[in-house]
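Student: I have a model open on my screen. Please show me how to read it, feature by feature.

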Amino acid sequence: MKKITLQIHCKDQSGIIATVTNFIANNNGNIVYIDQHVDREQDIFFMRLESEFTSFSMEAFKLNFKTELAERFNMKWRIYNDEEKPKMALFVSKYDHCLYDLLGRYNSGELNLQIPFIISNHNTLKPIADSFNIPFYHIPVTKDTKAEAEAQQLKLCDAHGIDFIVLARYMQIVSSKIINKFPNKVINIHHSFLPAFVGAKPYHSAYKRGVKIIGATSHYVTEELDAGPIIEQDVERISHTYTIEDLIAKGRDLERVVLANAIKLHIKRKVMVFNNKTVIFS
């Protein structure tokens with residue numbers, strides 16, 4: 001049994017759902033999940049559909065779907081083979097809490113993906129990678145060597161067929177070279193409830209502001225700092241008794257969960273991006 005996931009978006013118009021479901025049925029497919037959303041403000045239709053097939057040719061399906069449906073409705077669409085585990089590259093610096101959490105989930109089978117390697121601009125976390133038997137590459141980054149470092153990173157990604165990148169508290173700004181190579185495929189965790197408190201020290205800013213909640217945000221990386229499409233967020237209530245150290249400790253718990261959930265949504269193909277916003281299917 002072959003299982004696929006189909007994502008579609010196009011201008012909202014009559015007959016899309018019926019045409020797509022009939023196409024699946026006529027190609028001997030069984031729909032096991034379907035959901036859709038219409039953005040009334042922009043008049044855009046979004047659909048996510050999972051189907052199973054006893055007999056299936058990816059190339060034939062793509063060709064027939066394009067000529068019979070996509071061109072007719074002027075669709076933007078993507079199809080994924082659910083049997084293929086996406087390959088995730090992990091970028092880290094010195095903070096270990098997100099790395100430990102992700103590797104623990106990966107080791108237990110909670111994350112249905114592959115991690116070919118971990119990249120860091122420091123050697124600090126190499127022992128963690130070694131303990132999980134994952135190759136670790138130390139690629140230092142300075143202002144003068146940033147372009148060369150990113151070229152090495154992209155070379156590794158190409159060599160291993162990386163599908164997406166996760167910045168698990170990677171304390172460097174990635175350039176357009178990486179962003180353009182992996183559009184909406186570079187996931188960051190920001191230690192703040194965006195759009196509040198962007199930048200490097202949001203917990204300190206939150207403490208000074210006297211906030212009553214703190215949060216964490218996972219988003220796709222764009223060239224505008226901390227302004228990419230948001231995948232997942234969560235918050236925690238705090239009080240005036242909290243010190244900055246308390247905020248950081250509480251925030252790290254949020255960061256772990258929010259980043260892991262964002263990765264799950266991404267690898268399950270439940271995220272669709274349009275005009276720097278996301279549609280997140282259940």
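Tutor: Start with contact: it means heavy atoms within 4.5 Å. With that rule, and not counting residues up to four places away in sequence, His37 touches Ile44, Phe45, Phe46, Val279 and Phe281.

Student: Before we go on, what kind of model is this?

Tutor: This is a predicted model, in which local features need pLDDT of at least 70 and side-chain atom pairs count only at pLDDT 80 or more, while totals for chains, interfaces and linings use all residues. Residues are numbered from 1 along each chain as its sequence is written, and side-chain values use heavy atoms, with hydrogens and water left out.

Student: Where is His37 found?

Tutor: In strand β2. Helices (H or I, at least four residues) and strands (E, at least two) are DSSP runs, numbered from the N terminus.

Student: Is His37 buried, exposed or partly exposed?

Tutor: The cut-offs come first. Buried means under 20% relative accessible area, exposed over 50%, and partly exposed in between (1.4 Å probe, protein chains only). His37 has a relative accessible area of 35%, so it is partly exposed. For a sense of distance, take Tyr242, which lies 205 residues from His37 along the chain. Their C-alpha atoms are separated by 41 Å.

Student: How do I read a sheet?

Tutor: Strands of a sheet pair through backbone hydrogen bonds, either parallel or antiparallel. Here two strands pair if DSSP finds at least two bridges between them. Now the case: 4 strands form an open sheet, ordered β2-β3-β1-β4, with antiparallel pairing.

Student: Which strands are at the edge?

Tutor: β2 (29-39) and β4 (76-81), each of which pairs on one side only. Neighbouring strands of this sheet are turned by 10° against each other on average, direction ignored. Such angles use axes, which are lines fitted to C-alpha atoms, for helices over the stretch in contact; they run from 0 to 180 degrees between N-to-C directions.

Student: What does β1 pair with?

Tutor: Strand β1 (residues 2-11) is joined to strand β3 (residues 44-53) by 10 bridges, and the two run antiparallel. Lys2 has Phe53 of β3 as its bridge partner. Leu6 has Leu49 of β3.

Student: How many residues of β1 are buried?

Tutor: 7 of the 10, so β1 is largely enclosed by the rest of the structure. Helix α2 (residues 58-73) lies across β1, β3 and β4, running at about 160° to β4.

Student: What should I look for in side-chain directions?

Tutor: In a regular strand the side chains alternate between the two faces of the sheet. Look at strand β8 (residues 164-167): Phe164 and Val166 point one way, Ile165 and Leu167 the other way, and all are buried.

Student: Which strands pair with β8?

Tutor: β5 pairs with β8 in the parallel sense over 4 bridges, with Val166 as the bridge partner of Leu90. β9 is joined to β8 by 3 bridges, also running parallel. Leu167 stands opposite Asn188 in β9.

Student: And Val92?

Tutor: Val92 is found in strand β5 (residues 88-92). Its relative accessibility is 0%, so Val92 counts as buried. Leaving aside neighbours within four places in sequence, its contacts include Leu99, Ile118, Leu125 and Tyr170.

Student: Last one: how do I describe two packed helices?

Tutor: By the angle between their axes and the distance between the axes. The axes of helix α7 (residues 202-209) and helix α8 (residues 244-267) come within 10 Å and cross at roughly 125°. That makes α7 oblique to α8. Angles under 35 degrees count as roughly parallel, over 145 as roughly antiparallel, 65 to 115 as roughly perpendicular and the rest as oblique.

Student: Which residues of α7 make the contact?

Tutor: Tyr203, His204 and Tyr207, meeting residues of α8 that include Ile244, Leu247 and Glu255.
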